[in-house]
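Subject: Structure handover

Hello,

Please find the structure below, with the sequence. My notes on what was found in it follow.

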Amino acid sequence: MNLAYLHIVINHFPIMGVPIGVGLLALGAYARNEAIKRAALLVFVAIGIVTIGVYLAGRGGEDFVEHLAGVSEDAIERHEHMAGVALFATEALALLSLVVFARFGGPAMLSRGPEAVTARSVPGWAVATVLVAGLVTAGVLGYTGKLGGQIRHVEFVPGGAAALQVDEHEDADGD
């Protein structure tokens, strides 16, 4: 397995994990459940750690992919630029989540001792801030993934699906 393949496999964790964390945090806020809110915050921290590996695998995978026939250097550069933005956004979300978790009683809640009962609730402004950051990060990650898909997936390239259909019809006709 090379780094390009590893990147393709693990890049879905942040792309899917951040929206899952956003949904979990929204559920926790709606249900006024501190445990669910804190679980969502930890999801964002975990996704921040995984995203570092995704980014590094992508950097290493570039060397493999850039020499393949039909691969656009411009597509790689656009994806690489947005990947830097996505890394920054994801790490900022993870750091913000870790600070909110630590500041508002998360470590005490994890201990399951008597201090867990008296743990401070996560205030609404903190939940709202993390939710907005999560939504922005999800958008950036989704767009970055779309740009990455344009490197080798014709279905993401404008007019690429039409070219794919023409090729399929030619194959059906025996051409």
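Are Glu34 and Arg38 buried or exposed? Both Glu34 and Arg38 are buried, where buried means under 20% relative accessible area, exposed means over 50% and partly exposed lies in between, with a 1.4 Å probe and protein chains only.

Before the rest, a word on how to read these notes. This is a predicted model, in which local features need pLDDT of at least 70 and side-chain atom pairs count only at pLDDT 80 or more, while totals for chains, interfaces and linings use all residues. Residues are numbered from 1 along each chain as its sequence is written, and side-chain values use heavy atoms, with hydrogens and water left out.

Overall make-up

The chain has eight helices and zero strands. Here helices (H or I, at least four residues) and strands (E, at least two) are DSSP runs, numbered from the N terminus. In order from the N terminus, the elements read α-α-α-α-α-α-α-α. The chain has 175 residues, of which 35% count as buried. Of the contacts between residues at least 6 apart in sequence, 72% join residues at least 24 apart; a contact means heavy atoms within 4.5 Å.

Salt bridges

There are three salt bridges in the structure, a salt bridge being a side-chain nitrogen of Lys or Arg within 4 Å of a carboxyl oxygen of Asp or Glu. Glu34 takes part in a salt bridge with Lys37, at 2.9 Å from N to O. These two are three residues apart in helix α3 (residues 34-65), so about one helical turn separates Glu34 from Lys37. Glu34 also forms a salt bridge with Arg38, at 3.6 Å from N to O. Glu34 and Arg38 are four residues apart in helix α3, again about one turn of the helix. Together, Glu34, Lys37 and Arg38 are linked in a network of salt bridges. Glu34 has a relative accessible area of 19% and is therefore buried. Lys37 is buried too, with a relative accessible area of 8%.

The remaining salt bridge joins the side chains of Glu80 and Arg59, at 3.1 Å from N to O. Glu80 belongs to helix α4 and Arg59 to helix α3, so this pair ties together parts that are 21 residues apart in sequence. Glu80 is partly exposed, with a relative accessible area of 21%, and Arg59 is partly exposed at 41%.

Helix packing

Two helix pairs are described here. Axes are lines fitted to C-alpha atoms, for helices over the stretch in contact, and angles run from 0 to 180 degrees between N-to-C directions.

The axes of helix α4 (residues 73-103) and helix α7 (residues 124-152) come within 8 Å and cross at roughly 160 degrees. That makes α4 roughly antiparallel to α7; angles under 35 degrees count as roughly parallel, over 145 as roughly antiparallel, 65 to 115 as roughly perpendicular and the rest as oblique. The crossing of α4 and α7 is left-handed, meaning that the near helix is turned anticlockwise from the far one by less than a right angle, with clockwise for right-handed. The contact of α4 with α7 is made up of 18 nonpolar residues, nine polar and one charged. In this scheme Ala, Val, Leu, Ile, Met, Phe, Trp, Tyr, Cys and Pro count as nonpolar, Asp, Glu, Lys and Arg as charged, and the others, Gly among them, as polar.

Helix α1 (residues 3-10) packs on α3 at an angle of about 140 degrees, with the axes 7 Å apart. That makes α1 oblique to α3, and the crossing of α1 and α3 is left-handed. The α1 side of the contact consists of Leu3, Ala4, Leu6, His7 and Ile10, and the α3 side of Gly53, Val54, Ala57, Gly58, Gly60, Gly61, Phe64 and Val65. By class, the contact of α1 with α3 has eight nonpolar, five polar and no charged residues.

Single residues

Thr90 sits in helix α4 and counts as buried, at 1% relative accessibility. Leaving out residues up to four places away in sequence, Thr90 touches Ile47, Gly48, Thr51, Thr137 and Leu141.

Phe13 is in helix α2 (residues 12-31). Beyond its neighbours within four places in sequence, Phe13 is in contact with Val18, Ile47 and Val50.

Arg32 is in the loop between α2 and α3. Phi of Arg32 is near 55 degrees, a positive value in a residue other than glycine. Arg32 is exposed, with a relative accessible area of 73%.

Regards
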